[in-house]
Amino acid sequence: MGNLLVYSGIVTKIRAMEARLLKVEQFEEIAGLHSVPEVFTYLKEHSSYADVLEAIDETRLHRGDIEKILIQSLYQDYQKIFAFCNLEQRKFLKVYMKRYEIDLINYCFRIVINHYDQPFDLDYKRPFFDKYSNISIEKLITSKTTDELVENLKGTEYYSPLKKLKDSHPVTLFDYDLALDLYYFSSIWKSRKKMLKKKELEIFTRDCGSEIDLLNLQWIYRAKKYYDMAPADIYSLLIPIHYKISTTLIKELVESSNIEEFYLSMQKTSYSRHYDFEQNLTIEQMYTNCLHHLYTIDRRRNPYSIATINTYLFLKEEELRKLTTAIECIRYSLTPSETLAYVGGITQ
């Protein structure tokens, strides 16, 4: 009864928000469109994005404009949920916020390292980060070098791991990306017991642990198939947390001699019981589909818990990823079937 009372308002709010997410048939209709302006018109007339899209001047429409609005829609949903949460639930959302902070920092590293002519376009994110984060966008946008960018993160939790990396040896964009990913998952894994208790701790541990396992599988696969990396180098990529995949099995996966052996070893994981890893899907689609299955099962079994919040935000982020991919495919005049293949993982 306790959780029912605590979560009843949030669950009602999120159910109403989820009902407005795009359906499978709508993605199929979007895939059949021929231009970005057509997507703009469709979303204004047939989706929950109508209000936020009003901010775009249709006569100067670019793909990037739509993407910014889509991100703002995600931030608005986060704020709506945050407003319904009590102090304990907000602790979870503050930890979840780290995902958005990591994305922001990674974006800034790309801008600085690639020396873009018009480097920072972050004004649309500033109100959200000013309210929910202690990262200062105003400071970040003054960065001209990676050293300045790291120093402009001083006072945040990301400063120490990035400064340690910066001071150790010459580093690449990949090194910074990897350091942030490793820090993110290690920190939320360590903090989960302080943040949650009992059933909610169990749910978060399962969700987070499974995501870590699936990411490690994905990274091992990519390292072996696309880069022919040595086992020692692959180990350095992995998150040092083992949830349902033992260290022995990780070793077997990393040191498999070819992709066929890798697949055979992967069938020994518990995840293979829920998903056929040899289907004709990309490794990213496999990762997404497994998480979709995990989150929706958790929510069905524990509707009055953080599972409802976690699942909604996952579904919303996936919707934005699919829309962004679809828009890119339409820009390059791909066929509807090709677009849907790239979008992938359309489940309801």
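User: Let's start with one residue. Which residues does Tyr-235 touch, leaving out those up to four places away in sequence?

Analyst: Tyr-235 touches Ile-250, Lys-251, Val-254 and Glu-255. Keep in mind that this is a predicted model. Tyr-235 itself is found in helix α13, residues 231-235.

User: And is Tyr-235 buried, exposed or partly exposed?

Analyst: Read that from relative accessible area: under 20% is buried, over 50% is exposed, and partly exposed is in between. Tyr-235 comes out at 32%, so it is partly exposed.

User: Leu-162 sits in another helix, then. Which residues of α10 are buried?

Analyst: Here's the general idea. An α-helix has 3.6 residues a turn, so residues three or four places apart point the same way. Now the case here: in α10, residues 159-168, the buried ones are Tyr-159, Leu-162, Leu-165 and Lys-166. Looking down the axis, they fall within an arc of 140 degrees, so they line one face of the helix.

User: What covers that face, and what does the side turned away from it carry?

Analyst: The cover includes α6 (87-114), α9 (146-151) and α11 (173-195). The face turned away from the buried side carries the exposed residues Ser-160 and Lys-164.

User: α17 has a lysine I'm curious about. Is Lys-316 buried or exposed?

Analyst: Go back to the cut-off: buried means under 20% relative accessible area. Lys-316, which is found in α17, has 2% relative accessibility, so it counts as buried. Beyond residues up to four places away in sequence, Lys-316 touches Leu-21, Tyr-49, Ser-73, Leu-74 and Asp-77.

User: Now backbone angles. What is phi near for Lys-198?

Analyst: Again, the general idea comes before the case. Most residues other than glycine have a negative phi. At Lys-198, phi is near 50 degrees, a positive value in a residue other than glycine. Lys-198 lies in helix α12, residues 198-225, and it counts as exposed at 77% relative accessibility.

User: Where does Asp-228 lie, and what is its phi near?

Analyst: Asp-228 lies in the loop between α12 and α13. Its phi is near 50 degrees, a positive value too. Asp-228 is exposed, with a relative accessible area of 68%.

User: Let's zoom out. How many helices and strands does the protein chain have?

Analyst: The chain has 18 helices and zero strands. Its radius of gyration is 21 Å, close to the 20 Å that the globule rule gives for 348 residues, so the chain is as compact as a globular protein of that length. Buried residues make up 51% of those 348 residues. Of the contacts between residues at least 6 apart in sequence, 63% join residues at least 24 apart.

User: What about surface and charge?

Analyst: The chain exposes about 17,500 Å², and carbon and sulfur atoms supply 52% of it. There are 46 positive and 49 negative side chains, with the centres of the two sets 8 Å apart.

How values were computed:
Residues numbered from 1 in each chain as written. Predicted model: local features only at pLDDT ≥ 70, side-chain atom pairs only at ≥ 80, totals over all residues. Heavy atoms only, no water. Helix = DSSP H or I, 4+ residues; strand = E, 2+ residues; numbered from the N terminus. Rg over C-alpha atoms; globule rule 2.2 N^0.38 Å. Buried < 20%, exposed > 50% of the residue type's maximum accessible area, 1.4 Å probe, protein only. Contact = heavy atoms within 4.5 Å. Areas by Shrake-Rupley, 256 points an atom, 1.4 Å probe, with all protein chains shown as cover. Lys, Arg positive; Asp, Glu negative; His and termini not counted. Charge placed at Lys NZ, Arg CZ, Asp CG, Glu CD. Arc of directions from axis to C-beta.
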